[in-house]
Amino acid sequence: MKYIDIENWKRREHFAFFYKMDYPQYNICMDLDITTFLAFIKKEGLSFYYSMIYATTSVANECENFKYRIRDGKVVLHDRIHPSFTEMSDEAADDLFKVVTVDLSGNISEFTEKAKKESKNQELYFDSQKLIGRDDLIYITCIPWISFTHMSHTISLNRDDAVPRISWGKYVRNGDKVLLPFSVQVHHALADGVHVGKYIGKLQNFLDKF
């Protein structure tokens, strides 16, 4: 991790313009083509949810603007970011979720196994001890019951909250393709539409390669 010299940063004017906003976060929704990726996941017997977490976080690590965070008005760039995601309780009568944080490591099969194990072993809904002092994260959630066209997230009106929010819904078949509604929410002082576009392009390429 390193601190950015804002005064000599190419985003200095953009950062100053959007950082003063009361609500500097924005959200973009689109469909991803997961036809090839889904076929691979089913063939390998992997969890689709954990596999998508691996894919979205791996690609986010290839995008510098997704690794910037704000601390007391200063900008830091993380070397690596990791997923913190929602997970439904194992209890059949419990419709509550918990938040699980897992460091990104290994290949897709190794990560899905680790995520499954850590999620199963976590009893607390919100294990805040794992999150103390950490902003090297990307927040992820899934709404598999709905194929949405728009998504918004709860957020504190805090200009320093720059952790991206990633979410997706119920995938649907459209002809010979399988489409996944997908949402990206970022802090505009750190990332513009072009950066979200590059992220989605890289993510689609990642999903197509399987």
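## A walk from ring to ring

Select Y54 to begin: with a relative accessibility of 13%, Y54 counts as buried. Keep in mind as you click around that this is a predicted model.

**The partner of Y54.** Y54 and F206 form a tilted aromatic pair, with 6.5 Å from centre to centre and 50° between the planes. Colour the helices and you'll see that this pair links distant parts of the chain: Y54 sits in helix α3 and F206 in helix α5 (residues 193-208), 152 residues apart. Is F206 buried or exposed? F206 counts as buried, at 10% relative accessibility.

**One step along helix α3.** Select Y49 next, also in helix α3. Y49 counts as buried, with a relative accessibility of 14%. Which residues does Y49 touch, leaving aside those up to four places away in sequence? Show F85, T86, E87, I140, T141, C142 and W168, and you have them. For a sense of scale, draw a distance line from Y49 to D160: the two are 111 residues apart along the chain, and their C-alpha atoms are separated by 29 Å.

**Out to a loop.** Time to head for D72. You'll find D72 in the loop between β3 (68-71) and β4 (74-77). Buried or exposed, then? D72 counts as exposed, at 73% relative accessibility. Draw another line, this time from D72 to W145: there are 38 Å between the C-alpha atoms of these residues, which are 73 residues apart along the chain.

**Zoom out.** Clear your selection and switch to a cartoon view of the chain. How many helices and strands does the chain have? The chain has 5 helices and 10 strands. Its radius of gyration is 17 Å, close to the 17 Å that the globule rule gives for 210 residues, so the chain is as compact as a globular protein of that length. Taken along the principal axes, the C-alpha atoms fill a box of roughly 50 × 40 × 30 Å.

Among contacts between residues at least 6 apart in sequence, 70% join residues at least 24 apart.

**Last stop: the surface.** Of the 210 residues, 51% count as buried. The accessible surface comes to about 11,100 Å², and carbon and sulfur atoms hold 51% of that area. Finally, colour by charge: the chain carries 27 positive and 29 negative side chains, and the centres of the two sets lie 4 Å apart.

Methods: Residues are numbered from 1 along each chain as its sequence is written. This is a predicted model: local features need pLDDT of at least 70, side-chain atom pairs count only at pLDDT 80 or more; totals for chains, interfaces and linings use all residues. Side-chain values use heavy atoms; hydrogens and water are left out. Rings of Phe, Tyr and Trp (its six-membered ring) pair if their centres lie within 6.5 Å; planes under 30 degrees apart count as stacked, over 60 as edge-to-face and the rest as tilted. Helices (H or I, at least four residues) and strands (E, at least two) are DSSP runs, numbered from the N terminus. Buried means under 20% relative accessible area, exposed over 50%, partly exposed in between (1.4 Å probe, protein chains only). The radius of gyration is taken over C-alpha atoms; the globule rule is 2.2 Å times the number of residues to the power 0.38. Contact means heavy atoms within 4.5 Å. Accessible areas come from the Shrake-Rupley method with a 1.4 Å probe; for residues, only the protein chains shown count as cover. Lys and Arg count as positive and Asp and Glu as negative; His and the chain ends are not counted. The place of a charge is taken as NZ of Lys, CZ of Arg, CG of Asp or CD of Glu.
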